[in-house]
Every structure is written in structure tokens, then in C-alpha cells.
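Here is a short report for a first look at this structure. Please have the sequence and the model open as you read.

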Amino acid sequence: MTSAPEADWRLFRGDGVPRAVALPSAPPWRRFTPVPTARPELPYLIERQHADVVNAALHLRRPLLVTGPAGTGKSSLARAVAHELRLGELLRWPVNSRSTVKDALYQYDAIGRLRETTLSRDAGEREPSIGTFVRLGPLGTALVPSATPRCLLVDEMDKGDVDLPNDLLTVFEDGVFDIPELTRLPEDMADVEVQTHDHGGTVQVHQGLVQCAEFPVVVITSNGERDFPPAFLRRCIRLQLPVPDKERLRAIVEAHLGEEALRAADDLIDAFLRRRAPGELATDQLLNAVFLRTGGVDLNAEGLLDAVLHQLTGAM
């Protein structure tokens with residue numbers, strides 16, 4: 001008895017035999033293209049009462065602290081706000097244990113300046129401007145005065161140092177910071193062109209001071225892994241995003257993958273809901289499973305569905 005040929009979806013077979021394989025298109029959320037040709041922004045699905053909290057933060061121009069389990073759309077909310085309100089490219093500050101407010105405001109490359117200045121002097125050329133070696137971070141760029149406020153995503157604040165929320169209080173209250181390396185310059189060098197966090201962007205800084213005209217739109221996300229100080233919470237508008245129910249999951253699948261994919265997704269949604277009860281699952285894991293099915297992948301293959309819909313907590 002001969003074995004049946006392997007299904008076409010198995011691109012890698014682990015037999016050590018090189019073969020020409022046409023890789024299928026990546027999922028829409030895993031394609032990266034230049035901004036001018038980027039795919040249209042998908043609608044962000046949100047309940048009216050949750051959208052109202054977002055609007056309250058916009059009116060008050062207070063930071064919006066968004067909490068909820070993984071996969072509830074916390075980070076995507078910031079992108080949706082920036083897109084709908086035409087606030088320009090979203091500024092992102094991914095927080096980790098080494099993050100500091102200073103680095104988020106600006107960075108100064110002193111070693112690079114020393115090296116380039118020495119080379120210029122040796123070559124008899126004009127020394128480069130100090131602004132060439134100053135680059136505003138995402139928070140610093142958000143505080144640059146502009147016709148419309150920028151939108152800043154402070155992602156996973158609870159991953160940062162315990163003092164980080166308190167260190168942000170002054171900036172959140174005053175909307176201003178200075179760059180000491182520029183404030184020490186003589187009067188005839190008061191205006192310096194520095195780089196921004198935007199790709200290729202620059203802005204003129206006067207006497208080393210950056211003062212926003214309007215406080216930016218700030219969205220802070222947290223997975224609830226740590227409590228924040230009361231003084232920090234008092235300055236934020238808080239939004240708790242719930243895990244999506246079956247109808248919301250169906251709407252998400254349809255929005256991302258289309259009506260045809262939704263028709264083949266009911267049993268996967270049911271499996272997702274069953275598995276979500278004992279442990280955490282993210283919505284993008286469901287989208288991964290539906291995408292694989294629409295591409296002809298046999299999700300009934302041993303262990304495959306378990307690999308796609310694996311719990312995000314507990315031992316592996």
C-alpha cells in the first residue's frame with residue numbers, strides 16, 4: 001500500500017531535498033510596504049462606550065491608559081486614532097526594562113560628534129553642526145509644536161522600570177523639556193536644526209527648548225502586569241478593553257480576511273473560545289488559524305491547531 005502524496009501546503013518536508021517552492025502570499029498583517037503604497041487601513045472595531053472613553057481623553061488631552069489581555073487591540077487603537085483623525089504617522093515608544101524618559105525625549109551622539117569634528121578639522125573643512133548629532137525620540141518628537149497634535153503610542157508601560165511612570169509626570173504636566181547640550185551654546189547659535197523621530201525629519205530648536213503648542217494625543221498600553229502610582233493614574237483617562245465575544249470575533253475575521261474566510265471559520269472560532277477559557281489566547285492567533293485554512297492548510301493535522309492556538313501563559 002502506497003502512501004498518499006503530501007498536500008501542497010506542506011512547503012517544508014524535512015527530507016533534506018532542495019526543491020523550488022513558490023512561497024504563498026503572507027497574511028495582510030505581515031506585509032510591510034513603503035507608506036505611500038501601504039494597504040488601506042482596516043476599520044478598528046470598538047464598542048460605543050469604549051469609543052466614548054477615547055473621546056473623553058481627546059477632549060481633555062489627557063493620556064489614555066488602555067489595559068486588557070493580550071490581543072484585545074490595545075496598540076491598534078493608537079494607530080486607529082492617528083489614522084481617523086489624520087494626525088500623521090503614529091509615533092511609537094516600545095517600553096522595556098531599560099527605557100528612560102531621557103532617551104524617549106532625545107539622544108545625543110557625543111562620540112560621533114567628536115569623531116566627525118576631528119576629521120573635519122584635519123581635512124580643513126567646516127565642522128558639522130551639533131544638530132547633526134541630536135535626534136529627538138518619539139516622546140520628544142510628539143512635543144514639537146505643530147499645526148495639529150501628534151499621536152504617541154507608549155507601548156507596554158508595565159514592562160518599564162518601576163520609576164518610569166513617575167518620571168513622566170513632569171513632562172505630561174508641562175509639555176516641555178530642554179536639551180542641555182544645546183542650551184549651553186552661545187547666543188549666535190541659538191537656533192539649531194535637529195533630527196526628529198520621523199524618518200528623515202528635522203525641526204529647528206531655539207535655545208535648546210522644546211515646548212508643545214498643544215499636548216499630543218498619548219495612548220499608553222498595559223497588560224496589567226504591574227500597578228501604577230496613584231499620581232500617574234490620576235493624570236490618565238483609563239480604558240479597560242474586554243476580550244471579544246463570538247460576534248465580535250466574527251466581525252474581526254470578516255474585516256481582516258473577508259466574508260469568504262468568515263464562512264469557513266465558525267468551528268475555528270468555537271475552538272478558540274473553548275481554549276480561551278482555561279488560558280489566555282490573542283485574537284491574532286485566531287486570525288492566523290483562519291488564514292491558514294483559507295490557504296488550504298489542513299488544521300486537523302496532528303498538533304497543528306495546538307501550535308497555532310497555544311496559550312500565552314504557563315509552561316510551554
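Predicted model: local features only at pLDDT ≥ 70, side-chain atom pairs only at ≥ 80, totals over all residues.

What is the volume of the second largest pocket? About 400 Å³.

The lining of the second largest pocket consists of 17 residues. Nearest its centre lie W9, L11, P24, L292 and V297.

Helix 12 spans residues 283-294. This helix gives the largest share of the lining, with four residues.

## Enclosed cavities

How many cavities of 30 Å³ or more does the whole structure hold? The search finds three. The largest cavity has a volume of about 60 Å³.

Residues lining the largest cavity include V54, A57, L58, R61 and R62. Also in its lining are L64, V81, P216, V217, V218 and V219. Two elements, helix 1 (48-60) and strand 10 (217-222), each supply at least two lining residues.

## The chain as a whole

The chain contains 13 helices and 11 strands. Its C-alpha atoms fill a box of roughly 85 × 50 × 35 Å along the principal axes.

Of the 316 residues in the chain, 39% are buried. Take the contacts with a separation of 6 or more: 76% of them join residues 24 or more positions apart.

## Surface and charge

The accessible surface of the chain is about 18,600 Å². Carbon and sulfur atoms account for 52% of that surface.

There are 35 positive and 45 negative side chains. The centres of these two sets lie 3 Å apart.

Definitions and conventions:
Residues numbered from 1 in each chain as written. Heavy atoms only, no water. Buried < 20%, exposed > 50% of the residue type's maximum accessible area, 1.4 Å probe, protein only. Contact = heavy atoms within 4.5 Å. Areas by Shrake-Rupley, 256 points an atom, 1.4 Å probe, with all protein chains shown as cover. Lys, Arg positive; Asp, Glu negative; His and termini not counted. Charge placed at Lys NZ, Arg CZ, Asp CG, Glu CD. 1 Å grid on protein atoms, 1.4 Å probe; cavity = no way out; pocket = protein on both sides within 12 Å on 5 of 7 lines; lining within 4 Å. Points joined across faces, edges and corners; volume = space filled by probe spheres on them.
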